[in-house]
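Here is a set of questions and answers on one chain. Look over the sequence and the fold before reading on.

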Amino acid sequence: MTKDTHLINEVLELNETEVLMIVQQRLQDGDDPLAIVEDCQEGMRRVGERYEQGQYFLSGLIMAGEIFREVMELAQPVIKKKVRGNESGRILLGTVQGDIHDIGKNIQTMLLSCYGFTVYDLGVDVPPDVFVTEAVKVNPDLVGLSGLLTSSYDTMRDTVTLFRRNPDHPVGQIPIIIGGGTINDQVCEYVGADYWIVNAMDGVRLCQRLLAVQSVE
Ligand code: B12
């Protein structure tokens, strides 16, 4: 799919009005709402780069977050109408301790719910022991840890370690997926998670695949 460089640039420039106009127009034209979200995600990644280079300050990140929230207000109803699934399976997820980024996690939660999965969202800044306690309570098929900060990799690692501490207990065997735009293969290996995801639709496909395998076993 070709990227909408105009939309990406308007997100990068934090031009709220222009971004919302483009999104509205594309939705009216019947464009795939998930493709629109992906373009905005790319814009956000570039906003992050400007922040890293000292061209934007914290206020820039806050503004970008606000713009994305408004984009989701427009796109979410269309996604919910368009996407319907009757998947079954229980997924427990949350943003790990020390991290309050939740835009991506919320998109992942919404999309999984649209596909029919039962999602238990623990919110943000979730300590490792809370993940494990909640897993014992709700007995999920999969666990998802979200995080965007480099410092979150350690908390993710602590969380995975706590899950795996008792390998004979059912909770110790639940597959763990980590998600967030800054994650890669090396991070996944460091954290000790089973899978990693940087795009919510890939997250849905992975959950479908893993749960199909589990139901055959
Ligand atoms: C918006 C933003 C903020 C907002 C967040 C608002 C909110 N409610 O979430 C605010 C202003 C609060 C913020 C704060 C900070 N931020 Co910030 N932020 C960003 C920014 C620009 C965009 C993040 C985002 O929403 N992207 C859009 C979403 C849709 O993408 P996503 O999160 O990747 O999610 C997708 C997938 O990854 C996946 N997914 C996500 N989670 C999960 C989970 C599972 C289980 C699965 C399967 C999939 C999945 O699905 C999503 C949809 O496709 C990023 C830049 C970047 N590269 O991402 C920096 C960034 C993450 N922030 C950064 C920093 C430094 C900070 C601060 C420390 C700044 C400060 N000095 O205070 C604080 C930290 C606060 C804290 N304790 O968490 C750095 C982190 C650098 C690092 N190496 O650690 C980044 C990378 C910017 C940069 N390049 O420097 N930030």
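Q: How are α2 and α4 oriented to each other, roughly parallel or roughly antiparallel?
A: The model is a predicted one. In it, helix α2 (residues 16-28) packs on α4 at an angle of about 10 degrees, and the axes are 10 Å apart. Angles under 35 degrees count as roughly parallel. Therefore α2 and α4 are roughly parallel to each other.

Q: What classes of residue make up the contact of α2 with α4?
A: On the α2 side, the residues include Val-19, Leu-20, Val-23 and Leu-27. On the α4 side, they include Ile-67, Val-71, Leu-74 and Val-78. The residues of this contact divide into 9 nonpolar, 1 polar and 2 charged.

Q: Is Ala-64 buried or exposed?
A: Ala-64 lies in helix α4 (residues 58-82). Leaving out residues up to four places away in sequence, Ala-64 touches Leu-14, Met-44 and Val-47. A residue needs 20 or more other C-beta atoms within 10 Å to be buried. Ala-64 has 25 C-beta neighbours inside 10 Å, so Ala-64 counts as buried.

Q: What distance separates the C-alpha atoms of Ala-64 and Cys-40?
A: Along the chain, Ala-64 and Cys-40 are 24 residues apart.

Q: Which strands stand at the edges of the open sheet?
A: The sheet has 5 strands in the order β2-β1-β3-β4-β5, with parallel pairing. An edge strand here has a single partner, so one side of it is left without a neighbour in the sheet. Those edge strands are β2 (118-121) and β5 (195-197).

Q: Which residue in β2 stands opposite Leu-93?
A: Strand β1 (residues 90-95) pairs with β2 in the parallel sense over 4 bridges. Ile-91 stands opposite Val-119 in β2. Leu-93 stands opposite Asp-121.

Q: How many of the 6 residues of β1 are buried?
A: β1 pairs with β2. Helix α5 (residues 103-114) also touches β1 as it packs on the sheet. β1 is largely enclosed by the rest of the structure, because the buried residues number 5 of the 6.

Q: What angle does the direction of α5 make with that of β1?
A: Helix α5 packs on the sheet and touches β1, β2, β3 (142-146) and β4 (176-179). The direction of α5 makes an angle with that of β1 of about 165 degrees.

Q: Which residue in β4 stands opposite Val-143?
A: β3 and β4 pair in the parallel sense over 4 bridges. Both faces of β4 are covered: Ile-177 and Gly-179 are buried on one side, Ile-176 and Ile-178 on the other. The residue opposite Val-143 is Ile-176.

Q: Which element gives the most residues to the shell around the ligand?
A: There are 40 residues around the ligand, and Gly-48, Gly-104, Gly-144, Gly-179 and Gly-181 come nearest. The elements that give two or more residues are α3 (33-52), α4, α5, β3, β4 and α9 (200-216). By class, the shell has 18 nonpolar, 16 polar and 6 charged residues. The element that gives the most, with 8 residues, is α3.

Q: Is Asp-125 exposed, partly exposed or buried?
A: Asp-125 lies in the loop between β2 and α6 (128-138). Phi of Asp-125 is positive, near 55 degrees, in a residue other than glycine. Most residues other than glycine have a negative phi. With 15 other C-beta atoms within 10 Å, Asp-125 is partly exposed.

Q: Is Asn-139 buried or exposed?
A: Asn-139 is found in the loop between α6 and β3. Asn-139 is not a glycine, yet its phi is positive, about 50 degrees. The C-alpha atoms of Asn-139 and Ile-174 are 9.1 Å apart, at 35 residues apart in sequence. Asn-139 has 12 C-beta neighbours inside 10 Å, so Asn-139 counts as exposed.

Conventions. Residues numbered from 1 in each chain as written. Predicted model: local features only at pLDDT ≥ 70, side-chain atom pairs only at ≥ 80, totals over all residues. Pairing = 2+ DSSP bridges. Contact = placed C-beta atoms within 7 Å. Axes fitted to C-alpha atoms, helices over the stretch in contact; angles between N-to-C directions. Parallel < 35°, antiparallel > 145°, perpendicular 65-115°, else oblique. Nonpolar A, V, L, I, M, F, W, Y, C, P; charged D, E, K, R; others polar. Near = placed C-beta within 6 Å.
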